[in-house]
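Let's take a walk through this structure together. Have the sequence and the fold side by side as you read.

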Amino acid sequence: MHACISISTFFTGRYFKHLGFEVCYVRNFTDVDDKIIARAKELGEDPISLSRRYCEEFCRDMITLNCLPPSVEPKVSEHMPQIIDMIEKILNNGYAYVVDGDVYFNVEKFPEYGKLSSRDLEDNRAGERVAVDLRKKNPADFALWKSSKPGEPFWESPWGPGRPGWHIECSAMSAAYLGYSFDIHGGGIDLVFPHHENEIAQSCAACNKSDISVWMHNGFVTIDSVKMSKSLGNFFTIRQVIDIYHPLALRYFLMSAHYRSPVNYSNVQLESASDRIFYIYETLHECKSLLNQHDQTTRKDSIPPDTLNIIDKFQDVFLTSMSDDLHTPVVLAGMSDPLKSINDLLHTRKGKKQQFRIESLAALEKSIGDVLTVLGLMPASYSEVLQQLKEKALKRANLTEEKVLEKIEERAVARIEKDYAKSDAIRKDLAILGITLMDSPDGTTWRPTIPLPLQHLL
């Protein structure tokens with residue numbers, strides 16, 4: 001199963017809606033191809049049934065990561081008439097040829113072939129998913145329709161029974177729901193060639209007014225700077241990651257690098273993302289708790305100039321950075337000042353005495369909350385997500401909360417007995433596991449943190 005999606009789609013839809021655009025988001029599924037057929041044979045399962053199961057699992061993962069659902073989610077197996085119709089148009093326009101029930105696109109008929117990837121025709125290879133076929137006029141020619149083989153699923157067509165090539169299906173489905181000209185096409189950087197290059201060629205061959213305004217390609221998720229790949233055995237599934245890290249921590253991690261850049265997966269980066277969102281949600285939770293103690297109707301409209309300046313600067317960073325090719329890392333970094341301001345107002349002596357303190361807190365909390373909503377990082381409940389983050393941290397540390405509380409009590413006794421060496425040892429042992437202790441006049445509490453051995457790696 002191949003889904004046409006990119007990391008940039010994590011937040012583009014929400015941002016465009018925030019700007020007032022009407023968004024039609026198409027996320028298509030390739031639910032029949034060579035790899036799916038081969039895997040189905042291994043499992044003794046119907047290829048379409050296998051694909052349907054994986055499509056459903058994929059959609060569950062996207063919901064878990066707080067991705068907006070698409071406007072429409074077409075599948076290849078349900079759009080054969082549209083695919084066949086587009087192939088016929090390409091043939092009638094003289095851009096393809098038929099060989100023994102197969103239909104190939106003739107790249108030499110399309111002079112602009114290679115314009116997306118900046119490749120010369122002689123440098124191009126035949127394709128990623130198929131072996132070179134000597135019947136082709138040019139090795140770079142690619143299949144629009146593939147004649148059926150024994151035991152494979154097939155559909156009737158003017159050229160005989162068969163199934164579509166990998167590239168044509170995306171063009172046909174996007175044209176069906178968006179037309180031949182639309183604003184944005186996304187995908188991984190590995191799809192620039194040959195997949196997206198071929199999409200441009202066949203779409204233009206079917207309709208000479210075909211045009212896509214912007215191509216957005218996200219970088220790879222890497223491990224030790226090597227592309228994460230099933231074939232290399234160096235990959236993790238989303239569910240393996242969110243078993244020990246909160247989904248919003250994973251989302252934050254993915255947005256902490258520009259979408260076009262590679263994202264290097266590591267435990268220390270996930271720990272850092274978890275630590276950061278805990279700080280964000282804890283700050284906003286404390287702020288909201290204080291605001292709930294004050295009647296909103298009694299608040300004044302006045303906000304101190306210093307607070308307004310912080311909010312205006314943050315809003316400017318947000319709009320400028322997001323409108324400049326979706327620079328989410330700059331936006332995430334820009335939260336630091338308003339978050340610090342909230343903490344100062346909540347906890348410092350000077351902040352507690354500030355005039356219009358409650359009004360400032362309300363404005364700051366709303367400003368950050370609005371941006372988190374656009375980024376898909378706004379939880380349903382601050383208190384719930386904080387508890388969930390603590391539970392994930394305990395799981396990573398192989399601890400229970402009861403055990404942590406026992407250690408806190410044991411440390412309290414050691415302090416009473418002035419056994420400061422033992423007290424410090426307990427604190428350090430927990431810090432090594434990613435649990436930090438916080439002392440206050442009201443007692444000792446704990447929160448997740450980056451495990452001590454990993455902190456020097458940041």
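Ser157 touches Ile84 and Trp145, leaving aside residues up to four places away in sequence; contact here means heavy atoms within 4.5 Å. This is a predicted model, in which local features need pLDDT of at least 70, side-chain atom pairs count only at pLDDT 80 or more, and totals for chains, interfaces and linings use all residues. Residues are numbered from 1 along each chain as its sequence is written, and side-chain values use heavy atoms, with hydrogens and water left out.

You will find Ser157 in the loop between strand E5 (142–147) and strand E6 (162–164); strands are DSSP runs of E, at least two residues, numbered from the N terminus. Ser157 is buried, with a relative accessible area of 14%, where buried means under 20% relative accessible area (1.4 Å probe, protein chains only). Its side chain reaches the backbone oxygen of Gly160 at 2.6 Å.

Now turn to an open sheet of 3 strands, ordered E10-E9-E11 with mixed pairing; two strands pair if DSSP finds at least two bridges between them. Strands E10 (226–227) and E11 (263–264) are at the edges with a single partner strand each, so one side of each has no neighbour in the sheet. Strand E9 (residues 221–223) runs parallel to E11, joined by 2 bridges, and Val221 has Val263 as its bridge partner in E11.

Finally, the largest nonpolar core has 64 residues, of which Tyr281, Met335, Leu361, Leu375 and Leu377 touch the most other members. Such a core is a set of buried Ala, Val, Leu, Ile, Met, Phe, Trp, Tyr and Cys residues joined through side-chain atoms within 4.5 Å. Apart from it lies another core, of 34 residues, including Ile37 and Phe182.

Definitions and conventions:
Buried means under 20% relative accessible area, exposed over 50%, partly exposed in between (1.4 Å probe, protein chains only). Helices (H or I, at least four residues) and strands (E, at least two) are DSSP runs, numbered from the N terminus. A polar contact is a pair of N or O atoms within 3.5 Å; within protein, one must be able to donate a hydrogen and the other to accept it, and residues adjacent in sequence count only if both atoms are side-chain atoms.
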